[in-house]
Amino acid sequence: MTQNNPTPQKSHLSFEVFPPKKDEEFENVYQILREMSKLNPDFISCTYGAGGSRAGKTIEITSFIRSKLQIDAIAHITCVGFTREDLERNCTALEAAGVNRVLALRGDRPQTMTDEQFDNREFHYAADLVRHLKEHTTLDIAGACYPEKHFEAPSLEEDLRHLKEKVDAGVTSLISQMFFDNQYFYRFLDKARALGIDVPIHAGIMPITTAKQLGTTVSLSGSSVPKELADIIATYGDDKEDMRKAGIDYAVRQIRDLKEHGVDGIHLYSMNKVKTTAEICSMI
């Protein structure tokens with residue numbers, strides 16, 4: 001394993017935020033971002049709803065991050081629910097807003113999408129989206145990766161072959177799905193590098209601060225739960241503040257170990273929680 005005798009180096013720090021579902025809550029996002037900017041992240045990424053339902057808000061938020069806060073911004077875009085025409089209109093708006101980086105994803109199927117609509121989507125895989133973006137835009141393209149493999153992939157090796165296709169198509173950096181056992185990430189990193197995937201790979205970390213959050217997270221991400229984290233939930237799950245502290249401590253220990261192994265970056269899934277994000281940053 002290549003992580004033996006690691007040489008610590010500076011790991012980039014970045015956050016993920018999301019647009020609120022209600023327009024009246026939108027102004028609060030800007031205050032959240034102002035507070036997060038004080039933590040000096042290298043970039044902030046912004047998601048949107050399934051099928052691009054909040055794509056316009058994502059453009060507004062990433063433009064604010066880039067122009068007002070002077071921080072690099074990455075806008076999420078997905079295959080699902082976008083025609084080529086919609087995608088090009090969205091990318092033109094991003095470029096006009098001064099945002100030159102995107103995270104190209106396949107995306108989750110919206111509950112309202114029929115089988116026929118899903119089967120006939122214009123971009124089936126993230127690699128298809130990457131190729132189109134590379135040919136028709138000047139955007140810098142990031143991609144997603146899965147340390148424990150995508151839940152639909154038959155094996156990690158097969159998933160890595162698809163990841164190599166995506167990188168060869170034009171992806172310049174990768175952000176990982178959340179994971180709770182660093183050994184999965186190190187194993188994935190070894191295999192990716194051996195396959196010739198040499199772009200920066202940022203480790204995605206989700207601080208679990210409530211018992212309910214873990215159940216939702218695992219069902220969406222497919223990440224496995226190590227015994228230590230399961231024991232934390234069993235011990236502190238019924239005490240809101242103790243659970244929050246224990247979840248932050250677990251995430252901090254994960255990040256410290258990753259930094260000691262010289263990973264390219266730490267990408268915090270912030271869930272728009274400034275206090276938790278700031279506490280983690282103060283300890284790493």
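**Exercise 1.** Determine in which element Ser173 is found and whether Ser173 counts as buried or exposed.

*Solution.* Ser173 is found in strand 6 (residues 173-176); helices (H or I, at least four residues) and strands (E, at least two) are DSSP runs, numbered from the N terminus. The model is predicted: local features need pLDDT of at least 70, side-chain atom pairs count only at pLDDT 80 or more, and totals for chains, interfaces and linings use all residues. Residues are numbered from 1 along each chain as its sequence is written, and side-chain values use heavy atoms, with hydrogens and water left out.

The relative accessibility of Ser173 is 6%, so Ser173 counts as buried (buried means under 20% relative accessible area, exposed over 50%, partly exposed in between, with a 1.4 Å probe and protein chains only). Leaving aside residues up to four places away in sequence, Ser173 touches Arg101, Ile141, Ala142, Gly143, Val199, Pro200 and His202, where contact means heavy atoms within 4.5 Å.

**Exercise 2.** Describe how helix 10 packs against helix 11, and classify the residues of the contact.

*Solution.* Two packed helices are described by the angle between their axes and the distance between the axes.

Step 1. For helix 10 (residues 240-260) and helix 11 (residues 274-283), the angle is about 45° and the axes are 10 Å apart. Axes are lines fitted to C-alpha atoms, for helices over the stretch in contact, and angles run from 0 to 180 degrees between N-to-C directions.

Step 2. Helix 10 and helix 11 are therefore oblique to each other (angles under 35 degrees count as roughly parallel, over 145 as roughly antiparallel, 65 to 115 as roughly perpendicular and the rest as oblique).

Step 3. The contact involves Arg244, Ile248, Ala251, Val252, Ile255 and Arg256 of helix 10, together with Lys275, Thr276, Glu279, Ile280 and Met283 of helix 11. By class, the residues of this contact are six nonpolar, one polar and four charged; Ala, Val, Leu, Ile, Met, Phe, Trp, Tyr, Cys and Pro count as nonpolar, Asp, Glu, Lys and Arg as charged, and the others, Gly among them, as polar.

**Exercise 3.** Carry out the analysis for helix 6 and helix 7.

*Solution.* The axes of helix 6 (residues 156-169) and helix 7 (residues 182-194) come within 10 Å and cross at roughly 55°. This makes helix 6 oblique to helix 7. Leu156, Glu157, Leu160 and Leu163 of helix 6 meet Arg187, Phe188, Lys191 and Ala192 of helix 7. The contact of helix 6 with helix 7 has five nonpolar, no polar and three charged residues.

**Exercise 4.** Which residues of helix 9 are buried, and which are exposed?

*Solution.* In helix 9 (residues 227-236), the buried residues are Leu229, Ile232 and Ile233. They lie on the same side of helix 9 because they cover an arc of only 95° around the axis, the arc being that of the directions from the helix axis to the C-beta atoms. On the other side of helix 9, Lys227, Ala234 and Thr235 are exposed.

**Exercise 5.** Locate Asn40 and Lys149, and state the phi of Asn40 and of Lys149.

*Solution.* Most residues other than glycine have a negative phi. Asn40 has a positive phi of about 55° although it is not a glycine. Asn40 is placed in the loop between helix 1 (26-37) and strand 2 (43-46) and is exposed, with a relative accessible area of 62%.

For Lys149, phi is near 75°, also a positive value. Lys149 is in the loop between strand 5 (140-145) and helix 6, and is partly exposed, with a relative accessible area of 26%.
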